[in-house]
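Please walk me through this protein model step by step.

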Amino acid sequence: MKLTPKRHRADSAKAAVVAHQNAAQGPLEPPQYVTLPEPCRPFWQAIVTARARDLWTETDLVQAANLARVQHALQVADVGSDEHAKLTRLSMALARAIAV
């Protein structure tokens, strides 16, 4: 059974405090043990800003780094190729896994 913390209403005072605290912390970075090449950084930023900072777990951040690498690889793969199709399916699976 998955135990998730109760989410507070987005228009509550507590949610506003959490949002300000999250914004003050700056951008999320991948875990230390994950290598993320510089060309993948724009994809990383787009992915991790898709949901609130306090909802990311370390495992989610690893998956987000993988998704960023896959999205970068999609940019250089020929559209319609088998590689592009495989990368697209992988990208969709990773996005579902981290709920972005």
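Arg51 is buried, at 18% relative accessible area. Buried means under 20% relative accessible area, exposed means over 50%, and partly exposed lies in between (1.4 Å probe, protein chains only). Arg51 has a partner: its side chain meets that of Asp60 in a salt bridge, 2.4 Å from N to O. A salt bridge here is a side-chain nitrogen of Lys or Arg within 4 Å of a carboxyl oxygen of Asp or Glu. Asp60 counts as buried too, with 14% relative accessibility.

A word on the source. This is a predicted model, in which local features need pLDDT of at least 70 and side-chain atom pairs count only at pLDDT 80 or more, while totals for chains, interfaces and linings use all residues. Residues are numbered from 1 along each chain as its sequence is written, and side-chain values use heavy atoms, with hydrogens and water left out.

The structure holds two salt bridges. One of them joins Arg41 and Glu29, whose closest N and O atoms are 2.7 Å apart. This pair links distant parts of the chain: Arg41 sits in helix α2 (residues 41-48), and Glu29 sits twelve residues away in the loop between α1 (13-24) and α2. Arg41 is partly exposed, at 22% relative accessible area. Glu29 is partly exposed as well, at 41%.

Now step back to the whole chain. It has four helices and zero strands. Along the sequence the pattern reads α-α-α-α. Helices (H or I, at least four residues) and strands (E, at least two) are DSSP runs, numbered from the N terminus. Of the 100 residues in the chain, 28% are buried. Contact means heavy atoms within 4.5 Å. Among the contacts in the chain with a separation of 6 or more, 58% are between residues 24 or more positions apart.

How do α3 and α4 pack? Helix α3 (residues 58-76) and helix α4 (residues 82-98) meet at an angle of about 155 degrees, and their axes are 9 Å apart. Axes are lines fitted to C-alpha atoms, for helices over the stretch in contact, and angles run from 0 to 180 degrees between N-to-C directions. The two helices are therefore roughly antiparallel. Angles under 35 degrees count as roughly parallel, over 145 as roughly antiparallel, 65 to 115 as roughly perpendicular, and the rest as oblique. On the α3 side, the contact includes Asp60, Leu67 and Leu74; on the α4 side, it includes His84, Leu87 and Ile98. By class, the residues of this contact divide into ten nonpolar, six polar and one charged. Ala, Val, Leu, Ile, Met, Phe, Trp, Tyr, Cys and Pro count as nonpolar, Asp, Glu, Lys and Arg as charged, and the others, Gly among them, as polar.

Look at His84 in helix α4. Is His84 buried or exposed? At 18% relative accessibility, His84 counts as buried. Leaving aside neighbours within four places in sequence, His84 is in contact with Leu74, Ala77, Asp78 and Val79.

Finally, turn to α2 and α3. Their axes come within 8 Å and cross at roughly 130 degrees. That makes α2 oblique to α3. Phe43, Trp44, Ile47 and Val48 of α2 take part in the contact, and the residues from α3 include Leu61, Ala64 and Gln75.
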